[in-house]
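This report describes one structural model for a reader who is new to the subject. Please keep the sequence and the three-dimensional view at hand while reading.

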Amino acid sequence: MFMDNGLITIQKASRMLGVAEQTMRRWDESGRLIAVRGKNNYRYYKKEDIEEYAKNNLKDIFKSVKNWVLSGTGVEPRPDFYCKDSAVFQARLTRLKDELSKIKNLKDTYFLITSIAGEIGDNSFAHNFGNWPDIMGIFFAYDLKKKKIVLADRGQGMLKTLRKVKPELNNDIDALRTGFTEVISGRSPESRGNGLKYVREMVISNEIRLFFQTGEAELKIQKGDLNLNIKKSSTKFHGCLALIQF
Amino acid sequence: MTIYLKKFGTLLNGRMFGKEAFAAFLPSLKDVSADEKIEVDFDGVEVFSPSWGDEFLGSLINKFGERVVLINTSNPSVKTTLRFLENINKTKFKRGS
């Protein structure tokens with residue numbers, strides 16, 4: 001997808017920004033984000049321009065991450081949102097922790113928010129290690145002004161990983177419920193796996209809200225929720241997607 | 001012997017990192033005498049997540065059982081995670097002062 005001259009196609013650029021190609025054409029015509037024309041008169045973009053644009057136009061990280069997981073063909077997220085391996089994730093999680101700890105009204109909960117994000121991200125790596133269907137690693141971004149953290153992977157999803165230890169699981173809804181309620185691990189024969197149970201406990205006892213989707217099942221949890229509100233989603237993808245709000 | 005967890009970092013997260021930390025520390029445990037107490041010192045740890053804790057403490061307790069004693073556990077992140085691990089594993093960690 002990279003041209004010899006360092007330019008990228010409109011398809012790649014649109015995926016990096018999480019918008020439709022038609023939007024890119026409109027932006028080019030209006031001068032909002034100008035393309036370079038190739039000899040064939042097709043539109044191409046400088047990768048740095050796209051990254052710069054994305055950095056300066058951070059509107060809705062949830063929309064961006066959702067576009068990324070829903071996209072039929074996987075593409076690596078923009079570099080500042082992309083954790084290819086757990087070492088990169090750990091470094092960025094540390095940065096998130098440091099930034100959260102500076103927020104005055106989070107001094108009693110910043111560590112919880114960090115560990116919730118940490119457990120969700122760690123789950124993605126632990127359950128897809130060596131088995132990524134297309135793009136390895138996770139999309140991890142946050143917008144502290146809007147108090148949102150998003151994490152997503154284009155991995156196998158909970159149903160596929162949990163079926164290895166619980167073959168009777170029928171659908172994404174059952175898998176999602178199991179993941180958040182039962183002590184079970186998709187990495188059989190290892191019997192551990194409690195990250196999502198921890199996440200649930202921390203969310204229901206603090207001012208934190210969580211949206212989580214895997215396959216075509218989603219749940220929302222917030223403070224005081226005793227029951228899991230799981231339903232069928234209007235969208236479907238392989239992998240997992242989480243939005244943490246605080 | 002005392003294991004100072006802050007030497008592994010102030011943000012202890014990730015099952016793989018917990019496992020790696022234990023594996024890396026294992027050679028230092030070979031000289032521990034048969035009845036020696038193993039103190040795990042949480043002083044300086046800022047974020048202690050269950051995945052890391054489960055791997056590290058679980059492996060340590062499997063090896064040394066009741067001789068493992070946790071100290072300086074007053075940090076809220078440490079307290080919360082230890083309580084969670086105790087509930088989920090139906091166990092009780094031994095705490096020192």
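Helices (H or I, at least four residues) and strands (E, at least two) are DSSP runs, numbered from the N terminus. The model is predicted: local features need pLDDT of at least 70 and side-chain atom pairs count only at pLDDT 80 or more, while totals for chains, interfaces and linings use all residues. Residues are numbered from 1 along each chain as its sequence is written, and chains are lettered from A and ligands numbered from 1 in the order in which they are written.

M158(A) lies in helix α7 of chain A, which covers residues 158–163. A residue is buried if 20 or more other C-beta atoms, placed from the backbone, lie within 10 Å of its own, exposed if 12 or fewer, and partly exposed in between. M158(A) has 28 other C-beta atoms within 10 Å and is therefore buried. Two residues are in contact if their C-beta atoms, placed from the backbone, lie within 7 Å. Leaving aside residues up to four places away in sequence, M158(A) touches A175(A), L176(A), G179(A), T214(A) and C240(A). By contrast, 38 Å separates the C-alpha atoms of M158(A) and R26(A), which are 132 residues apart along the chain.

**Helices α8 and α9**

Two packed helices are described by the angle between their axes and the distance between the axes. Axes are lines fitted to C-alpha atoms, for helices over the stretch in contact, and angles run from 0 to 180 degrees between N-to-C directions. Helix α8 of chain A (residues 172–181) and α9(A) have axes that come within 6 Å and cross at roughly 75°. Angles under 35 degrees count as roughly parallel, over 145 as roughly antiparallel, 65 to 115 as roughly perpendicular and the rest as oblique. The helices α8(A) and α9(A) are therefore roughly perpendicular to each other. At their contact, G179(A), F180(A) and T181(A) of α8(A) meet L196(A), K197(A) and R200(A) of α9(A).

**Strand pairing**

Two strands pair if DSSP finds at least two bridges between them.

| Strands | Bridges | Direction |
|---|---|---|
| β1 (residues 7–9) and β3 (residues 43–46) of chain A | three | antiparallel |
| β2 (residues 36–37) of chain A and β3(A) | two | antiparallel |

Opposite L7(A) stands K46(A) in β3(A), and R37(A) has R43(A) in β3(A) as its bridge partner. Five residues lie between the strands in the hairpin of β2(A) and β3(A), where N41(A) takes a positive phi near 70°.

Helix α4 of chain A (residues 61–70) is mostly covered, with seven of its 10 residues buried. Its cover includes β5 (138–143), β6 (148–153) and β8 (229–245) of chain A.

A nonpolar core is a set of buried Ala, Val, Leu, Ile, Met, Phe, Trp, Tyr and Cys residues joined through C-beta atoms within 7 Å. The largest such core has 72 residues, and V65(A), L151(A), A152(A) and A242(A) have the most contacts inside it. The largest share of this core, nine residues, comes from α6(A). A second, separate core of seven residues includes A13(A), M16(A), M24(A) and Y45(A).

**The contact between the chains**

Chain A gives 19 residues to the contact and chain B gives 16 residues. On the side of chain A that touches chain B, the largest share, seven residues, comes from α6(A).
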